[in-house]
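Thanks, everyone, for making the time.

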Amino acid sequence: MKAFLNIVSRDLRLALRQKSDLTMAVLFFILTAMLFPFGLGPEPNLLARIAPGIIWVTALLAVLLSLERLFLADYEDGSLEQLILSSTSLEIAVLAKVLAHWLTTGLPLILAAPLIALLFNMDSDAMTILLIAMVLGTPSLSLIGAIAATLTLGARRGGVLIPLLVLPLYIPTLIFGVGAIDAAMNSLEAGAVIANARPHLLLLGAILLVSLLITPLAGAAALRQSVE
Amino acid sequence: MGSSLFQGKDLTCIRGGRTVFLGLNFNLAKGQALVLEGPNGSGKSSLIRMLSGLVRPRFGKLVWQEQDATKDPEIFQKHIHYIGHRNAIKPVLTVLENLAYWSGKTKDDPGLEDALDHFRMLPLKHTPANLLSSGQSRRLTLSRLLASERSVWLLDEPSVGLDVASVSLLEEVIKTHRLKGGSVIFATHSPIQVENPDRLNLQDYSPLYNKELLEIENDEESWI
């Protein structure tokens, strides 16, 4: 547990000292999402209708953008070898690095999401569901992305490979993330918002649990392979 | 010499389809210094990485204190300290923060300052590591050896980038380590003086340099 916190705090400190890494994903998210109203024209109903899809797709791309640096710096400067040789279990270390990644990428996206939702004329019920869905969904994005990030270490131009590996795996999160907000927006009675979105949120939770289980095992195996 | 601590039997390393070395044996006792020699590409780094558990031997056995550890390198990994070509230093962290992270200690632990002091790095402890010269980075990496106690040191060209004074600091540290019963295996091209070292020349086991082995290698391939 101490080693887990040690890795998380080191990665957070690294991210805070290299602010460009920290702000890149969230700025990409805000700027890209802001382009859509300009491209589609100022039609409040249309924008509110397509907002869930746009927010999720841009969030997903923002996470994708940050995945390469998750393990690459450690791989290149030899830290990864030391991490594998250290007494910390590698599975725990992978989880710690993913948590640090989520705190520096996923969490800022969640904090920026209400701003985008306002821009798209989303009502408050839908916004609440959006936030819940992102809290459940973005950790899965970091976890699934970490597998691809570990698998592409050592491959030439690994950064190009990551989207090819990861985007198909992000589809379920995208479907249920958008589905939850759509269900909330389409519910006629005020009380039914949560009930309607519930199945989608539960499925997002299920994806999170499965990736929490798979990522440490697959990630650690891929890391061991990468240094051979 | 005392009883065997770490042993390799008939080790073979194949990387990228090429046999790096084959049929290699070694025996490391407590307090022993084993110097790996051989020209470039004869497999010194590969052997060190194999002994650290990063690379598994294709054939042969690794034995740690009479226990077969070929399949389970974690048995010996907690006792070894590997220092490779790369320094594993984070440029945005300070010298002290880098050392604290790898030794798993907090920054105020006195052991860290002692370790830095041994390699004359104490005045630089609050300097961000990206301002260090390559020799200073190497000294920071070497001070990790003192910050966390491990009984076997595996050093791959530890003296690269070090000036003469720093090399003698390293020699001193190795000497103290051996007096305390620790062992060291290192590969080097520049002379590092240690008392009565055992030498292992990898040229003898490398098909690249030893033509007799080439035939064995070909036999083995047809056999596979």
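Let me begin with chain B, for which the domain assignment gives domain 1, made of 1-79 + 150-224, and domain 2, covering 84-148. Please keep in mind throughout that this is a predicted model. Between domain 1 of chain B and domain 2 of chain B, the C-alpha centres are separated by 26 Å, and the contact between them involves 13 residues of domain 1 and 13 residues of domain 2.

Which elements supply the side of domain 1 of chain B that touches domain 2 of chain B? Both β7 (152-156) and α6 (164-179) of chain B supply at least two residues each, and α6(B) gives the most, with four residues. Sorted by class, that side of domain 1 of chain B holds seven nonpolar, two polar and four charged residues.

I would like to stay with β7(B) for a moment, as several features come together there. Is β7(B) mostly covered or mostly open? The strand is mostly covered, with five of its five residues buried. If we look at the directions of the side chains, B:Val152, B:Leu154 and B:Asp156 point one way from β7(B), while B:Trp153 and B:Leu155 point the other way, and all are buried.

Turning to the partners of this strand, β7(B) pairs in the parallel sense with strand β6 (residues 80-83) of chain B over four bridges, and in that pairing B:Ile83 stands opposite B:Leu155. Strand β8 (residues 183-187) of chain B also runs parallel to β7(B), and five bridges join the two; here B:Leu155 stands opposite B:Phe186. On the way from β7(B) to β8(B) the chain passes through α6(B), and this β-α-β crossover is right-handed.

Elsewhere in chain B there is an antiparallel arrangement, in which strand β1 (residues 4-15) and strand β2 (residues 18-29) are joined by eight bridges. Within it, B:Cys13 has B:Phe21 in β2(B) as its bridge partner. The two strands, β1(B) and β2(B), form a hairpin with two residues between them, and B:Gly16 in the turn has a positive phi of about 60°.

Now to the contact between the chains, which takes 16 residues from chain A and 17 residues from chain B. On the chain A side, α1 (2-17) and α5 (79-85) each supply at least two residues, and the residues of that side divide into five nonpolar, six polar and five charged.

For chain A itself, an unreviewed UniProt entry places the feature "transmembrane region" at several stretches, among them residues 21-40 and 126-153. In the model, residues 21-40 of chain A are 100% helix and 0% strand, with the end C-alpha atoms 30 Å apart, and residues 126-153 of chain A are 93% helix and 0% strand, with the end C-alpha atoms 39 Å apart.

Finally, consider A:Leu65, which is placed in helix α3 (residues 44-67) of chain A. Why does A:Leu65 count as partly exposed? There are 17 other C-beta atoms within 10 Å of A:Leu65, and because a buried residue would need 20 or more and an exposed one 12 or fewer, the label is partly exposed. Leaving aside neighbours within four places in sequence, A:Leu65 is in contact with A:Met24, A:Ala25 and A:Phe28. Between A:Leu65 and A:Ser140 there are 15 Å in space, C-alpha to C-alpha, and the two are 75 residues apart in sequence.

Terms used. Residues are numbered from 1 along each chain as its sequence is written. Chains are lettered from A and ligands numbered from 1 in the order in which they are written. This is a predicted model: local features need pLDDT of at least 70, side-chain atom pairs count only at pLDDT 80 or more; totals for chains, interfaces and linings use all residues. Two residues are in contact if their C-beta atoms, placed from the backbone, lie within 7 Å. Ala, Val, Leu, Ile, Met, Phe, Trp, Tyr, Cys and Pro count as nonpolar, Asp, Glu, Lys and Arg as charged, and the others, Gly among them, as polar. Domain bounds come from an automatic or database domain assignment. Two strands pair if DSSP finds at least two bridges between them. A crossover is right-handed if, with the strands pointing away from the viewer, the path from the first strand over the helix to the second runs clockwise. UniProt positions are given in the numbering used here, feature names are shortened, and annotations may be inferred rather than shown by experiment.
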